Amino acid sequence: MATKQLTLPVTGMTCANCAAAIERGLKKLPTVQNAGVNLASERASLEFDPTQVTQQEIIARIQKSGYDVALGEAVLPIKRLSDDNDAQRLEKSLNKLDGVVEAHVNYATEKATIKYIPTVVSQNDLRQAIRAAGFEAVMVAGNGEDAERVAREQEITHQKHLLSIGLIFTVPLFVLAMTRDLGLLTAFFGGMPGMLMLMPGMPSTMAAPWFNWLLLALATPVQLYVGRQYYVGAYKALRNGAANMDVLIAMGTTVAYVYSIAVLIALTLGSKALGDHVYFETAAVIIVLIILGKFLEARAKGQTSEAIKKLMGLRAKTARIVRDGAELDIPVDDVRAGDLVIVRPGEKIPVDGVVVEGKSTIDESMLTGESMPVVKTPGAAVIGATINKQGMLKFEATKVGKETALAQIIKLVEEAQGSKAPIQKLADQVSAIFVPAVIAIALLTFLGWYFVGGAGFTTALINMVAVLVIACPCALGLATPTAIMVGTGKGAERGLLFRTSEALERAGKINTVVLDKTGTITKGRPTVTDLVLNGSGLAETDLLQLAASAEKGSEHPLAEAIIAAATERGLTFGQLAAFKAIEGQGINANVDGREVLVGNLRMMKQFGVALHGLENDVLRLQAEAKTAMITTVNGEVAGVIGVADAIKDGSIEAIAELHRLGLEVIMLTGDNQKTAEAIGKAAGVDRVIAEVLPGDKAAVIKQLQAEGKVVAMVGDGVNDAPALAQADVGIAIGTGTDVAMAAAPVTLMSGDLRGVPHTIALSRRTMRTIKQNLFWAFFYNIILIPAAAFGFLTPMLAAGAMAFSSIFVVSNSLRLRRLSLPLAQDGAHTAKQSSPMYPSESTVSSI
């Protein structure tokens, strides 16, 4: 079964039960798998077989559950429509496009009206589909707005409108009710003949008959208009066999409102059988406080996705391209792969590509976290959204639209934010039974006060309403996803990408970090540092020339280092007649008729080569963390070439920071033990595991896990793929361009190792925030529901507390945005990277 992934922006959710109801509904559809709904991001994600169920059916299922999908609508003028057949052909073509819900093309008006899912297809995709069908869509100003953002803003505006209406009626209603309860009506109105007809000694609650009717008139618009959304939500939830926050609010306010009407009617008929006190203000204040809380919560939730908005804002709006010999400024969406793009100093790189002309430095800090500009020359890759600092560049566009690194990063972050962390399972389980349990407690409260406590019908009723209103499933539902959204977004700002929220959670539990040596701790670019001769008469240049000529047949990094050193010296290469690579030892070649061996001690022993005293030089080089490459000519040792791979800037500092976090750091390498130990000592690791073949790295990780360690493996994501997969958390070192293709759960956009402690620190802080949120959500409900049941809270105080609880959770998550994660090259100090034993790149001598 070929499945497709779909992410839908959902509107109308108010609590975790809403998300659960949508999930249950989606799972009833055939072939739907991995359906998940995130309350904080308000998105539903699922996998389905498009041959068995359509996008329209999925949207209809969400709508049947009582919610909606934020759809975009585009009205595009179309050029080159010849007749009605063209219109029908284009309409069919558009309706086949993924993400298009409905498309109509009108030949008479020459316009296409398209409803689409903004998380699946963009207006640029629509225009390209129209172009591919042989027509042209005219760009209309303001028609390319973010449909999802517009839908969210419209919802917030609607809630603000309801809040305003609610306040207009509720404030005077509350003031009148309070003056009544405080016995101030006589003082206010006693001097106004005919107004109150209040007799001396008459209780304030038995004021003029019209007074209670005035309260009813003020409360009714709030109950039936402002609070209508809760009745609709409750009805839809109950229709689908679920109960959510809307059910609690609708029940609580309706009980107070309907009871007050019954009291009013009885008083009008001259009966005090139900008492003489009405609670219209209670119902109205509850609704207004809940809407105020939801309005503030919605605004705060919008800030949790601030990082995504920042990433989207990095994108260039236009691009300057060369077509048919002329420079053109076009919208970035219209750039095609293969276009030649010109970028002047200070401008943004519009799309990904490869430099073909010019030299400049590029600021990539907004994507990779590297604060130092990167030099770009012909052949170098450039990333869209980065900034050209100095010279003019001309590059060929290679990835555009959804294929760019920025688009892939945004997609990766959105997927991580939409996934569920394991820690959320407890909250989901509680939320599933929360509302029914609260209703049961509310009924028990009423029965207990009325039959056992003997407090009377009114007191029992008010305490029941307080229980219904104080309960807050929203805080439970928001506790985890809001923190995940802020945490993953904060990571993305610093070039730390989490593929799932589970990876973010697990990273905080790590106690052991395993670092691959080449390309992770070291630069991965070996350089020749030493040339040692045996006194046979060969000069340094002769030794280097023979070794480089022999290594021409090899693709090993050490071979590349020797060839590069010979090239830098301007040496000519001899004729390579035969070549054989011996795995794990070296090479055997024929250069200009001479047999040349280049390899390690093991190879020399196998070929029976006498070293004539060079053993000490080999051991010295290995002690200095260099690889000793012994070279022989016609069976006689000619000399030793020392090759070193310098420690990367930031590696020593990163390892020190990992130690400060209380982590054990292990270096894993295929180097010989002495060389590895020297590098490990210079880098500051706790333990070195050397002479490990690439295929055996996963077994080493498994062994460490068997020792009870929670292991993170850090590597390049290609040669270390099995080890990355075996580790509890795999962390891949990215390059910025292939980041979205990394298979590891965590990817560092830059090659800077300091991203590893930043990743772990961010995870720990995020998990601490989630635990704080969950503690508050559980503590709040565990303490205040019984308090309301025992009569310590009035319904209005309960509504205020309920509104505050969700705001607290979201605001606490937003504190993560202030977490300090320095850029890759920032910091109070940079650890010194060179030592007498281990040279940095700057100290490698020129030979």
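These legends go with a handful of close-up views of the structure.

**About the model.** This is a predicted model, where local features need pLDDT of at least 70 and side-chain atom pairs count only at pLDDT 80 or more, while totals for chains, interfaces and linings use all residues. Residues are numbered from 1 along each chain as its sequence is written, and side-chain values use heavy atoms, with hydrogens and water left out.

**View 1. The largest nonpolar core and M13.** A nonpolar core is a set of buried Ala, Val, Leu, Ile, Met, Phe, Trp, Tyr and Cys residues joined through side-chain atoms within 4.5 Å. "Buried" means under 20% relative accessible area, "exposed" means over 50%, and "partly exposed" is in between (1.4 Å probe, protein chains only). The largest core here has 153 residues, and M13, I58, F280, V513 and V756 touch the most other members. Its biggest contributor is helix α27 (residues 755–789), with 13 residues; helices (H or I, at least four residues) and strands (E, at least two) are DSSP runs, numbered from the N terminus. Another core, of 23 residues, lies apart from this one and includes I587, V591, V598 and A638. Now zoom in on M13: skipping neighbours within four places in sequence, M13 is in contact (heavy atoms within 4.5 Å) with C18, A19, I22, V37, N38, L39, E42 and Y67.

View 2. Helix α15 (residues 457–470) has 14 residues and reaches 20 Å from its first C-alpha to its last. That is close to the 20 Å expected at 1.5 Å a residue, where the expected span is 1.5 Å times one less than the number of residues. Because 11 of its 14 residues are buried, α15 is largely enclosed by the rest of the structure. Among the buried ones are A460, L461, N463 and I470.

**View 3. Helix α11 meets helix α16.** Helices α11 (residues 306–313) and α16 (residues 473–493) pack at an angle of about 35°, with their axes 8 Å apart. The axes are lines fitted to C-alpha atoms, for helices over the stretch in contact, and angles run from 0 to 180 degrees between N-to-C directions. On the α11 side you'll find A307, K310 and L311; α16 brings G489, K490, A492 and E493.

**View 4. D339 and R323 pair up.** A salt bridge is a side-chain nitrogen of Lys or Arg within 4 Å of a carboxyl oxygen of Asp or Glu, and by this rule the count comes to 24. In this one, the closest N and O atoms of D339 and R323 are 2.8 Å apart. D339 sits in the loop between β10 (326–331) and β11 (340–343), while R323 is in strand β9 (residues 318–323). D339 is buried, at 9% relative accessible area, but R323 is partly exposed, at 21%.

View 5. D530 lies in strand β20 (residues 527–533) and K626 in the loop between α22 (615–623) and β24 (627–633), so the bridge ties together parts 96 residues apart in sequence. Both D530 and K626 are buried. Salt bridges that share partners join D530, D617, R620, E624 and K626 into one network.

**View 6. G608 out on a loop.** G608 is in the loop between α21 (601–607) and α22. At 63% relative accessibility, G608 counts as exposed.
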